[in-house]
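Hi everyone, thanks for coming. Today I'd like to walk you through one structure, starting with a sheet and then moving on to a single residue.

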Amino acid sequence: MALRKRTRRGEPWYNSGLWNLASAGGRVNRLWVGGRSDGTQEWRAGTVSLLRENCSGSPCWPWRRCVSMAAGMLLAGLLALSQAWCVNAIHENLLWFSQLTEMEREISFRTECGLYYSYFKQMLEAPSIQEGLSDLIHDNLTESRRTINLLKRMNIYQEVFLSILYRWLPIQSYLEPIYFYIYTVFSLQAVYLIALYLTAWLLSGSWLAGVLTGLWYILNRIDTTRVEFTISLRENWSLPFLALQVATISCYLRPQLTTLQQKVMVWLMYVTTFCFCLTWQFNQFILLIQALIIYTLDCGDLLTATQVTTLYLVQVCGLLSVWLLQFCNSMILGSLVLSFIVSALFVKHCQTGLKTGGLLVRLGKLFLHSTIVLLLTIAFNYMAKKALQLQSDEHIFKFIKSKFAMGSTRDFDASLYLCEEAFGLLPLDTLERLAGTLLLYPYVPTLLLLTCTMTVAALRNLSRTKGGSVEERKANAGDGQMSTFRPDVAYNLLHTLFFGLLAFSTMRMKYIWTGHMCVVAAYGVCGTEVWTLVLNTLRCNAKVMLRLLRYALPLAVIGYLYYKFWPKIMEEISELREFYDPDTVELMTWIRSKTPQQAVFAGSMQLLAGIKLCTGRTLTNHPHYEDKDLRERTRQVYQIYGRRSPEEVYDILRAAGANYVVLENSICFERRHRRGCRLRDLLDLANGHIMDGPGDNDPDLVPAAHPRFCEAIKTDEPAYSGLFTRTFQNKTFHVYRLKKKHKKSSKSS
């Protein structure tokens, strides 16, 4: 037996470019599609389909089209299966998952992953689907002394759907529920890669771009996904649907679609938007960025009014559908994205003369227009939150204010985020890794070139004096003043720009950017636009060299990536490790066998999620932080790591309904974070106390009147032993049972 290391832990309808290939001599027009005074070139003229381009100008026979399509789809499927197999193999070898006991497998679902998976397990253990759903709607185990609707509070419909599917399918005899769950998540990674593949194919007109996208996504696995060790995270469910939504938007924005095709794309956009919103609680912030992208394209006159309105309404319909399924969750109605879309559509409808006048006049109107939209968004959102009494997402805005030095940094909730590396700035070594796989080198020039080109096209649109909309420009294509930048390219360009900025500001959000980054880089290598501009600048034979570069260069890059990284991938996949966490296993075993089923446990959010999954005991708090009352309770329960008297801690825990409290040495004596970011430091600051250890303290902080509770309770002094009884301990955990408080103690407190 190998020794293991132990560790704790369909074909596109067209391929029009920014340029149109002219009929004479293979010459190429400007960076935008231009109309001529003789009217021979219309807005859609010069559109070259992918199939015709592959046929080198000769008649394209159906069998050649079928072969090209089949080859592209086959490679997409192979790459998708490779990604799913790769993450599954790494997950297995990282933990030796197949050899773990059921409890060890459940413990491997760390932090909030364990909480989400517990609801899948709970649905399967319910006598029937109806009773399981009723238990979720009237849950009193997740938060002690409270009955909450989990389907309203959390995004766990995927767990409900999977549990029902597992009950219905005849697979129980040979596939364990936990494997069914993780295989589904890994299969979504295959869907994610296929969506990126199709987007690159749609933009470039060559499935070689899809192949490059897939390879880059797999090779940059560290920066494109973390699914193999955070299986249940909501982003691992939602990002594949976001990628599918981007693919459908890219297809919808292509010209020459029939009415039926447009309707199909609109429905697909709605379905993917709905699935994305249903599976992630942060959907409103991602859709807000998408709405800003649509607004920017509208301001630059790069989309038609119909396209803009349709994209906005798809977002609204997706959010409202989720609002209904989540039992009218007020957090959705009070979201910024809904307020912004309502404001943008209202002002757009009222300002009918916005797209008229010269450049300076248009810029002035746009500035006024944007100011009004911003003010209306703030007003609508303020009124919505006041009417709904919404405070569930205020911690996110506190975090944003503190991150950009616009508010207090002593706020406990904001500090919890600010002190986590995942919510810090993007480390520069990320760019080094991306450059190591050649991804960064085509991405940056493509981004710069397309940004400059789109800016020029937008300024030309704004400087026109005739016709105020894209429809009017198409209708007046013969006046020599039309300029059109491909809307699908424009959307994807702003998508990578906006989400790139988000990734640089918050490292956790890089997984939204890096996957799409592969698409843009592959488009730069395989698309016609970038190479046409370069060849025209060098005055080369565009027709011959363009074809050579579009096919030879991607093949050369693919060959290089295979030669350099295939051995590394095989080495990484073959590396054998083993799950090893005996202290946590011992704790869970003790709780399951030595405590009553009705016992209520207090402790850190991360540990309590595991306790719920492994033992089914009731919790005082948990990692799903989108509720104001829960955040306040968590801050109170965490006083077990602060400098508070035993009576104060006892009263806090009793008020939360706790019978047992679990103290962790890794938190009480934490060294992972720097001073000022340790949990005990955050509590000291929130309580106005001086922090531990050498270093400066703010002048308004005062020494605490009591020792740190998690340390002092281990001394078994009468003040502590009279209220708490130690019932379990090992090298990592100490568990204390709360005694019944005597009358004398209650009076003295």
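Two strands pair if DSSP finds at least two bridges between them. Helices (H or I, at least four residues) and strands (E, at least two) are DSSP runs, numbered from the N terminus. Now the sources: this is a predicted model, where local features need pLDDT of at least 70, side-chain atom pairs count only at pLDDT 80 or more, and totals for chains, interfaces and linings use all residues. Residues are numbered from 1 along each chain as its sequence is written, and side-chain values use heavy atoms, leaving out hydrogens and water.

So, the sheet. Strands of a sheet pair through backbone hydrogen bonds, either parallel or antiparallel. Here, 5 strands make an open sheet with mixed pairing, ordered S6-S5-S7-S9-S8. Strands S6 (618–619) and S8 (724–729) are its edges, each pairing on one side only. Inside the order, S7 (residues 660–664) and S9 (residues 733–738) pair in the antiparallel sense over 5 bridges. Tyr660, for instance, has Arg737 in S9 as its bridge partner.

Next, please find Ser505, in helix H23 (residues 487–505). Is Ser505 buried or exposed? Its relative accessibility is 16%, so Ser505 counts as buried (buried means under 20% relative accessible area, exposed over 50%, partly exposed in between, with a 1.4 Å probe and protein chains only). Which residues does Ser505 touch, not counting those up to four places away in sequence? They are Lys403, Phe404, Phe423, Gly424 and Leu425, where contact means heavy atoms within 4.5 Å.
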